[in-house]
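Good morning, and thank you for coming. Please look at the sequence and the structure together as I go through them.

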Amino acid sequence: MVEFRGTTICAVKRNGVTAIAGDGQVTMGESVIMKGNAVKVKRIYNDKVVIGFAGSVSDAFALSEKFEAMLQKYSGNLMRSAVELAELWRSDKGGRHLEALLIAADSTSLFIISGTGEVIEPENDICAIGSGGNYALAAARALANNTDMDAKSIAQAALKIASEICVYTNDHITVETV
């Protein structure tokens, strides 16, 4: 079975603004770029929450849809929605093994949510997921520690750097802020 994968997402929270950036590459299997301009970062819940997803494309869509339903159920409470989704995933045999990660942010919180039921609040208000995630994370940390760049600029520059290193990441970058 050929699998389609989404790739790199980076989030930076700085000076009261959180930016989530994602590349546009969708890879089929290990060697074919199927699409170069996919949008893997989007605003949800009346534009109050920004999410970015990486991993198996179908699993990432399933994870983001279930998360959006939780936001509706819990009136936009990001932490409660993330925890309830994690609990649902842990108890759902069919959903337990989704190969996807989601970064979610609102005006005050930032979380990584996994398709295996984990909710992680990142250290230092910077996180990244996907195949180029470690490159983007390293770049974002270095930029945050050594420049006065804003959150959006750091997230975008980190993705650009990751695209120059990771073959599963391209430089068609989408950035949303909250």
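Does cysteine 10 count as buried or exposed? Cysteine 10 counts as buried, at 0% relative accessibility. Here, buried means under 20% relative accessible area, exposed means over 50%, and partly exposed is in between, with a 1.4 Å probe and protein chains only.

Before I continue, a word on the source. This is a predicted model, in which local features need pLDDT of at least 70, side-chain atom pairs count only at pLDDT 80 or more, and totals for chains, interfaces and linings use all residues. Residues are numbered from 1 along each chain as its sequence is written, and side-chain values use heavy atoms, with hydrogens and water left out.

Let me stay with the cysteines. A disulfide is a covalent bond between the sulfur atoms of two cysteines. The criterion applied is a pair of cysteine sulfur atoms within 2.5 Å, and the structure holds zero disulfides. For cysteine 10, the closest cysteine sulfur belongs to cysteine 127 and is 7.1 Å away, which is too far for a bond. For cysteine 166, the closest cysteine sulfur is that of cysteine 10, at 13 Å, again too far for a bond. Cysteine 166 is buried, its relative accessible area being 7%.

Helices (H or I, at least four residues) and strands (E, at least two) are DSSP runs, numbered from the N terminus. Two strands pair if DSSP finds at least two bridges between them. Four strands make an open sheet in the order β11-β2-β3-β12, and their pairing is antiparallel. At its edges stand β11 (126–129) and β12, each with a single partner strand, so one side of each has no neighbour in the sheet. On average, neighbouring strands of this sheet are turned by 15° against each other, direction ignored. Such angles are taken between axes, which are lines fitted to C-alpha atoms, for helices over the stretch in contact; they run from 0 to 180 degrees between N-to-C directions.

Strand β2, residues 9–14, is joined to β11 by four bridges, and the two run antiparallel. Helix α3, residues 133–146, lies across β2 and β11 and runs at about 160° to β11. Helix α4 also packs on the sheet, where it touches β2, β3 and β12, and its direction makes about 155° with that of β2.

Contact means heavy atoms within 4.5 Å. Leaving aside neighbours within four places in sequence, the contacts of isoleucine 154 include Val12, Ala140 and Leu143.

β4 and β5 pair in the antiparallel sense over three bridges, and methionine 28 stands opposite valine 32 in β5. Three residues lie between the two strands of this hairpin, and glycine 29 in the turn has a positive phi of about 65°.

Next, the charged side chains. A salt bridge is a side-chain nitrogen of Lys or Arg within 4 Å of a carboxyl oxygen of Asp or Glu. How many does a search of the whole structure find? It finds six salt bridges. One of them links aspartate 23 with lysine 40, their closest N and O atoms being 3.0 Å apart. Aspartate 23 lies in the loop between β3 (17–22) and β4 (26–28), and lysine 40 in the loop between β5 (32–35) and β6 (41–44), so this pair ties together parts that are 17 residues apart in sequence. Both aspartate 23 and lysine 40 are buried.

Another salt bridge joins lysine 160 and aspartate 171, with 3.6 Å between the closest N and O atoms. Lysine 160 lies in helix α4 (residues 151–163) and aspartate 171 in the loop between α4 and β12 (174–177), so the pair ties together parts that are eleven residues apart in sequence. Lysine 160 counts as partly exposed, at 34% relative accessibility.

I close with the aromatic rings. Rings of Phe, Tyr and Trp (its six-membered ring) pair if their centres lie within 6.5 Å; planes under 30 degrees apart count as stacked, over 60 as edge-to-face and the rest as tilted. The structure holds one aromatic pair. The rings of phenylalanine 53 and phenylalanine 61 have centres 5.2 Å apart and planes at 55°, so this pair is tilted. Phenylalanine 53 is buried, at 5% relative accessible area, whereas phenylalanine 61 is partly exposed, at 38%.
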